[in-house]
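Thanks for coming, everyone. I have one structure to walk you through today. Please have a look at it first.

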Amino acid sequence: MWLNQSFLDFCYHLSAIIVDRVGRKLSFIIMLTLVCIFLLPLVFHQSAVLTTGLLFGARMCSMGSITVAYIYGPEIYPTSMRTTGTGIASSTGRIGGMICPLVAVGLVTGCHQTNVIILFEVVIVLSAICAFLFPVETKGQELSDTIGVSKSKEVLVVGD
């Protein structure tokens with residue numbers, strides 16, 4: 001129990017340091033990329049020690065990416081929408097967290113470990129691409145209180 005809590009604390013502190021130095025968007029993409037790098041060798045059979053080390057690294061970076069998402073997500077939304085946007089994102093993540101083990105265990109039980117790793121890699125790469133397409137970097141910016149619609153471009157403009 002103590003070791004697990006120390007691990008979580010380490011991930012949270014490391015994520016916070018990286019977020020402040022690099023920025024939210026880039027650190028999120030970096031963490032997701034590191035998860036892919038740690039998982040990729042597991043497509044092929046590895047020794048137990050190497051598998052444990054790679055899974056440890058992947059878990060550490062995935063915990064870091066979740067932490068960055070919880071920092072970055074609320075900063076994207078203006079105050080009037082912040083709790084709703086963050087709540088919906090959190091709910092979606094929790095539903096995915098419930099479905100993921102069912103799919104993974106089902107595939108591993110059916111001797112499809114390679115397919116599980118490839119599925120995880122695809123989902124993580126798609127997540128990194130989505131993060132890359134986020135239009136806003138919130139590092140060093142004040143949180144927005146209002147939203148407005150630009151008449152000339154007809155796009156949502158977030159700002160004061």
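Let's start with contacts across the sequence. Take the contacts between residues at least 6 apart in sequence: 66% of them join residues at least 24 apart. Keep in mind that this is a predicted model.

Now the parts list. The protein has five helices and two strands. Reading from the N terminus, the order is α-α-α-α-α-β-β. There are 160 residues, and 28% of them are buried.

Helix 2 covers residues 24-39. That is 16 residues, spanning 23 Å from the first C-alpha to the last.

Which residues of helix 2 are buried? The list is Arg24, Lys25, Ser27, Phe28, Ile29, Met31, Leu32, Val35, Cys36 and Leu39.

Next, the partners. Helix 5, residues 113-132, is one of them. The angle between helix 2 and helix 5 is about 165 degrees, and their axes lie 9 Å apart. Angles over 145 degrees count as roughly antiparallel, so helix 2 is roughly antiparallel to helix 5. The crossing of these two helices is left-handed.

Who touches whom? On the helix 2 side we have Lys25, Phe28, Ile29, Leu32, Val35, Cys36 and Leu39. On the helix 5 side, look for Ile117, Phe120, Glu121, Ile124, Val125, Ser127, Ala128, Ala131 and Phe132. Sorted by class, this contact has 13 nonpolar residues, one polar and two charged.

Now turn to helix 3, residues 48-76. Helix 2 packs on helix 3 at about 160 degrees, with the axes 8 Å apart. Again the angle is over 145 degrees, so helix 2 is roughly antiparallel to helix 3. Here, too, the crossing is left-handed. By class, the contact between helix 2 and helix 3 has 15 nonpolar, five polar and three charged residues.

One last stop: Ser62. Where does Ser62 sit? Ser62 is in helix 3. Is Ser62 buried, exposed or partly exposed? Its relative accessible area is 26%, so Ser62 is partly exposed. Leu32 and Ser62 are 30 residues apart in sequence, yet their C-alphas are 6.7 Å apart in space.

Technical notes
Residues numbered from 1 in each chain as written. Predicted model: local features only at pLDDT ≥ 70, side-chain atom pairs only at ≥ 80, totals over all residues. Heavy atoms only, no water. Axes fitted to C-alpha atoms, helices over the stretch in contact; angles between N-to-C directions. Helix = DSSP H or I, 4+ residues; strand = E, 2+ residues; numbered from the N terminus. Parallel < 35°, antiparallel > 145°, perpendicular 65-115°, else oblique. Left-handed = near helix turned anticlockwise from the far one by under 90°. Contact = heavy atoms within 4.5 Å. Nonpolar A, V, L, I, M, F, W, Y, C, P; charged D, E, K, R; others polar. Expected span 1.5 Å × (residues − 1). Buried < 20%, exposed > 50% of the residue type's maximum accessible area, 1.4 Å probe, protein only.
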